[in-house]
Every structure is written in structure tokens, then in C-alpha cells.
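This briefing is meant for a reader meeting the structure for the first time. Please keep the sequence and the 3D view at hand while working through the topics below.

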Amino acid sequence: SSLIPSNVNKDCIHLVGLENSVFGKWVAGGNSFSRFKADAFDSASVEEALESVCDECEKVMESVKSDGGRVVCIVQECAELPVYSNALRRRFKLPVYDTMTAINFVQMGWGPSSPSSYMM
């Protein structure tokens, strides 16, 4: 919360950690989620982790809604999570911002990265 500007109403922002979810416990245990269930030698598969992340986000979103709030986007700070961004976008029909969207934003500031019809 120290990164949130002081003029922003803190009641409008909900910070949620996934450390207690199945996903968070697998990451803390040093597991990688680059394998499918058919190839996993343990229970840490992409499918299981994806479901865990989506379910945990849904719980938080329902809590926000029951308190009279509204979720307008999801911001992920974990470097493991961009893999799941499209699933979150599809499931919740919300914008999802992650490390890849941040990198793309910074890259756009450097100008067009490939030739286009717009020439300077």
C-alpha cells in the first residue's frame, strides 16, 4: 500500500495475496507451472494453478460486490501470473494488467517497434 499515492482513496483499492491459495502454496514450494496435468509428476499443473487463481480472484470480487463495491480491473504483480491473464480476462470480462502490459506500455514510449503506415 506504500506505492499508492496519498490522494487515492484506499477504500477503493483491494490488495489481495494469493499466498494462501493452492497456487501460492505451490509457488512457495518452488514448483513451476510450465507443465500440463498429463506431464506433471505432482499436482502442480497449469490447469490446477489456473483454476486456483481464478477461484481466489472470484472470492475477492464477490466480497467487494457484497460490500457495495465494484471491480473494474485486475492488476497482477507476480511475474508468474501473466500466463493466466487471458483466462482471467475471459472469465471475468475485465481488463487485466500484468508485467507484460507494463512492458508493452514502456516499449510504446520508445516509438514504433516495427515499420507501419504511420511515418514520422
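Does Lys59 count as buried or exposed? With a relative accessibility of 54%, Lys59 counts as exposed, since the cut-off for that class is over 50%. The model is a predicted one, and its protein chain holds four helices and two strands.

**Overall layout and confidence**

- Read from the N terminus on, the elements of the protein chain follow the order α-α-β-α-β-α.
- The protein chain has 120 residues, of which 26% count as buried, and its accessible surface comes to about 8800 Å², with 57% of that area belonging to carbon and sulfur atoms.
- When contacts between residues at least 6 apart in sequence are considered, 35% of them join residues at least 24 apart.
- The mean pLDDT of the protein chain is 77, and 78% of its residues reach 70 or more.
- Confidence is lowest in H1, where the mean is 76, and highest in H3, where the mean is 91.
- Where pLDDT is low, the predicted coordinates should not be read in detail.

**The nonpolar core**

- The largest nonpolar core is made of 17 residues, and those with the most contacts inside it are Phe23, Val53, Ile74, Leu81, Tyr84, Leu88 and Phe92.
- Three helices, namely H1 (22-28), H2 (46-66) and H3 (85-92), each supply at least two residues of this core, and the largest share, six residues, comes from H2.

**Ser52 in helix H2**

- Ser52 is a residue of helix H2, and with a relative accessible area of 9% Ser52 is buried.
- Once its neighbours within four places in sequence are left aside, Ser52 is in contact with Ser21, Val22 and Phe23.

**Salt bridges**

- Side chains of opposite charge can pair when their charged atoms come close.
- A search of the whole structure finds three salt bridges.
- One of them joins the side chains of Arg91 and Asp55, at 3.0 Å from N to O; Arg91 lies in helix H3 and Asp55 in helix H2, so this pair ties together parts that are 36 residues apart in sequence.
- Another joins the side chains of Arg91 and Glu58, at 2.4 Å from N to O; because Glu58 lies in helix H2 and Arg91 in helix H3, the pair ties together parts that are 33 residues apart in sequence.
- Glu56 and Lys59 both lie in helix H2, where they are three residues apart, which is about one turn of the helix.

- Which residues make the nonpolar surface patch of about 580 Å²? The patch is made by Phe105, Val106, Met108 and Trp110.
- Val106, one of the residues of this patch, lies in helix H4, which covers residues 99-109.

Technical notes: Residues are numbered from 1 along each chain as its sequence is written. This is a predicted model: local features need pLDDT of at least 70, side-chain atom pairs count only at pLDDT 80 or more; totals for chains, interfaces and linings use all residues. Side-chain values use heavy atoms; hydrogens and water are left out. Patches are made of residues with over 30% relative accessible area and no salt bridge: like charges are joined within 9 Å, nonpolar side chains (Val, Leu, Ile, Met, Phe, Trp, Tyr) within 5 Å. Accessible areas come from the Shrake-Rupley method with a 1.4 Å probe; for residues, only the protein chains shown count as cover. A salt bridge is a side-chain nitrogen of Lys or Arg within 4 Å of a carboxyl oxygen of Asp or Glu. A nonpolar core is a set of buried Ala, Val, Leu, Ile, Met, Phe, Trp, Tyr and Cys residues joined through side-chain atoms within 4.5 Å. Buried means under 20% relative accessible area, exposed over 50%, partly exposed in between (1.4 Å probe, protein chains only). Contact means heavy atoms within 4.5 Å. pLDDT is the predictor's confidence in each residue, from 0 to 100.
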